Amino acid sequence: MNSIDEMKEKDQIQPFFSIWLNPKKTARFVLEEKSIGYAIMFVILSGIAGTIIGTSDTEIYPIMPIWGIILLCTLLGPFLGLLSVSVSSLVVWLFGKLFGGQATYKEMFKGLSIVGIPGIWLFPFMFIWMAFSPVTYFKTDIVPGDVSFTIIAVVASIASIIIGVWSIVINVAIVSEVHRFSIWRAVLTILIPGIIFIFILIAIIGTIVGLILSI
């Protein structure tokens with residue numbers, strides 16, 4: 001591929017759209033063409049979106065008003081997004097090295113910064129649902145006869161499941177591209193830390209329960 005073709009291909013890559021079907025090319029584009037500031041922008045946006053989406057099915061409402069929840073999530077979202085991507089980048093970078101990964105930490109951070117783009121797409125649906133039907137958004141036990149905003153609730157719920165599954169696919173593809181190894185190595189790089197974390201969590205919970213029962 002000559003330089004003109006490469007330039008045309010790069011011009012066609014818009015991470016906000018291309019991430020869905022071409023996660024590897026999108027990741028390579030971000031690594032080679034975009035700054036760390038560009039990556040941080042996506043981390044902040046996805047952090048805010050993810051924090052607000054994460055309030056679904058919680059008891060935070062009506063303890064806190066909708067505007068208060070939005071304000072709190074807007075303030076905490078960037079910090080939580082940066083913390084999440086920073087830690088996950090470190091873990092995936094280190095475990096990827098065990099399988100021959102070639103990425104630097106900075107490259108992994110930039111690559112994983114765009115994993116949250118699908119969540120940004122989901123945000124408007126969830127926000128409309130939360131704003132217009134907080135009772136169905138925040139509570140799993142819906143009062144009989146209360147069908148307010150049922151359509152957006154169903155659409156948002158289905159979209160959430162689809163986007164959640166596809167985000168895993170995107171994550172694996174990006175780790176594979178950034179570390180420059182196979183898809184299966186990327187799966188193991190992501191899966192093994194998750195399994196270790198679950199075992200540690202079970203051990204901690206078991207220890208706490210054991211101490212309580214022994215009192």
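Where is arginine 180 found? Arginine 180 sits in the loop between α10 (150-179) and α11.

This is a predicted model, in which local features need pLDDT of at least 70, side-chain atom pairs count only at pLDDT 80 or more, and totals for chains, interfaces and linings use all residues. Residues are numbered from 1 along each chain as its sequence is written, and side-chain values use heavy atoms, with hydrogens and water left out.

**Overall build**

The protein has 11 helices and zero strands. Helices are DSSP runs of H or I with at least four residues, strands are runs of E with at least two, and both are numbered from the N terminus. Of the 215 residues, 35% count as buried. Buried means under 20% relative accessible area, exposed means over 50%, and partly exposed lies in between (1.4 Å probe, protein chains only). The accessible surface comes to about 12,500 Å², by the Shrake-Rupley method with a 1.4 Å probe, where for residues only the protein chains shown count as cover. Carbon and sulfur atoms hold 75% of that surface.

Aspartate 57 lies in the loop between α4 (36-53) and α5 (60-63).

**The cores**

The largest nonpolar core has 26 residues. Such a core is a set of buried Ala, Val, Leu, Ile, Met, Phe, Trp, Tyr and Cys residues joined through side-chain atoms within 4.5 Å. Among those with the most contacts inside it are Ile19, Met108 and Val175. Elements giving two or more residues to this core include α3 (23-33), α6 (66-98) and α7 (105-112). The largest share, five residues, comes from α10. A second, separate core of 17 residues includes Cys73, Ile152, Ala153 and Ala159.

Valine 175 touches Val92, Leu112, Phe181, Ala186, Thr189 and Ile190, not counting residues up to four places away in sequence. Contact means heavy atoms within 4.5 Å.

**A nonpolar patch**

In soluble globular proteins, nonpolar side chains tend to be buried together. Here a nonpolar surface patch of about 710 Å² is made by Phe197, Ile198, Leu201, Ile202, Ile205, Val209 and Leu213. Patch residues have over 30% relative accessible area and no salt bridge, with nonpolar side chains (Val, Leu, Ile, Met, Phe, Trp, Tyr) joined within 5 Å and like charges within 9 Å. A salt bridge is a side-chain nitrogen of Lys or Arg within 4 Å of a carboxyl oxygen of Asp or Glu. Isoleucine 205 lies in helix α11 (residues 183-214). Isoleucine 205 counts as partly exposed because its relative accessibility is 48%.
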